[in-house]
Amino acid sequence: MEVKPGLRDLLWMGAGAAVLLVIVVVMLIFGYDRSPTERLELRARRVQLVELMRYSLAAASEAEKSAVLAVTDQESQSFADQARAATTEVERLRKALGELLAAGASQKEKDLLASFSVAFIEYQRVDHDLLALAVRNTNLKAFDLAFGPAAQASKEMDSALSRFLTRHSTSPQKVLLGAAGARAAALRLATRLAPHIAEESDQKMDAMEALMAEDDREVRAALDALDAQPDLRTDPDLASARSGYSRFSELRTQIVALSRRTRTCARSRHP
């Protein structure tokens, strides 16, 4: 199952920013005029700092991707902490390099560091939003609920209504239509969850939730009508269908909230 598009986009942005930064730091090593003897020590220190920056950037990028792909919250948090620590180290090294270049470097070298600093600010912005989403892991949780407990609850309800229809095949038409209608509406509702999790548009999410609400009203009205008939109130399959749908409804509320939270986090990176 793919992660939510907003999160995937951030991951690609983070990777792209990291590549750009590596290119700039490589230029900081090799993009200089050949130094005279008196600058050898300064040059060696500069190269050392740049190499450490490259290493820390690579570590931050790998930890960032691991935080996104981690299955559990604990793993996501651990990798996110590692990514933040590595990014903090890059910033410390960047400042040290700036002080070193200020002491004696060509304008070209200073311009390269300035370019790196601009790119690094953007990298930090993307990194902040990406790790916030990774730690929440909301879209993965939503998919897990939708295709795990929610799917199971929906299946239990559907099986109960299938048994109900088989046992009451000679009942009045309104009984059969009521059970079949509840079954169809519940299945429609269940199929709307995955598209809602994957959706990025608030307007489309609103429309999906409106359709879910219609399906929900249809299911509840049909079950209430069946339950209102004295000879069906104690039917075990009808009771099982109600129980399964109750669990499904609780899970649906959680899934929609998680899906909305992911969308809100993704949107926050575009104030």
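The following legends describe close-up views of a predicted model.

Residues are numbered from 1 along each chain as its sequence is written, and side-chain values rest on heavy atoms, with hydrogens and water left out. Because the model is predicted, local features need pLDDT of at least 70 and side-chain atom pairs count only at pLDDT 80 or more, whereas totals for chains, interfaces and linings use all residues.

**View 1. Overall helical architecture.** The protein contains ten helices and zero strands (DSSP runs numbered from the N terminus: helices are H or I of at least four residues, strands are E of at least two). Along the sequence the pattern reads α-α-α-α-α-α-α-α-α-α. Of the 271 residues, 44% count as buried (buried is under 20% relative accessible area, exposed over 50%, partly exposed in between, with a 1.4 Å probe and protein chains only). Among contacts with a separation of 6 or more, 79% join residues 24 or more positions apart (a contact means heavy atoms within 4.5 Å).

View 2. A search of the whole structure finds four aromatic pairs (rings of Phe, Tyr and Trp, the last by its six-membered ring, pair if their centres lie within 6.5 Å; planes under 30 degrees apart count as stacked, over 60 as edge-to-face and the rest as tilted). In one of them, F116 and F120, the ring centres are 5.6 Å apart and the planes meet at 10°, so this pair is stacked. Both residues belong to helix α4 (residues 107-136), four residues apart, which is about one turn of the helix. F116 is buried at a relative accessible area of 0%, and F120 is buried at 1%. The rings of F120 and Y123 have centres 6.2 Å apart and planes at 10°, so they are stacked as well. F120 and Y123 are three residues apart in α4, about one helical turn. Y123 is buried, with a relative accessible area of 0%. Together, F116, F120 and Y123 form one aromatic cluster.

View 3. Leaving aside residues up to four places away in sequence, I255 touches A142, L145, A146, A150, L193 and I197.

**View 4. Packing of helices α5 and α6.** The two helices pack at an angle of about 20°, with their axes 3 Å apart (axes are lines fitted to C-alpha atoms, for helices over the stretch in contact, and angles run from 0 to 180 degrees between N-to-C directions). α5 and α6 are therefore roughly parallel to each other (angles under 35 degrees count as roughly parallel, over 145 as roughly antiparallel, 65 to 115 as roughly perpendicular and the rest as oblique). On the α5 side, D144, L145, A146 and F147 meet P149, A150 and A151 of α6. Helix α5 is mostly covered, with seven of its ten residues buried. The buried residues in α5 are T138, N139, L140, A142, F143, L145 and A146.

**View 5. Helix α3 along its length.** Helix α3 (residues 73-102) has 30 residues and reaches 43 Å from its first C-alpha to its last, close to the 44 Å expected at 1.5 Å a residue (the expected span is 1.5 Å times one less than the number of residues). Buried positions in α3 include S76, A80, A83, A86, T87 and V90. Further along, E91, L93, L97, L100 and L101 are also buried.

View 6. D237 is found in helix α10 and is buried, with a relative accessible area of 8%. Not counting residues up to four places away in sequence, D237 touches A160, R163, F164 and R167. L211 lies in helix α9 and counts as partly exposed, at 34% relative accessibility. L211 and R188 are 23 residues apart in sequence and 9.3 Å apart in space, C-alpha to C-alpha.
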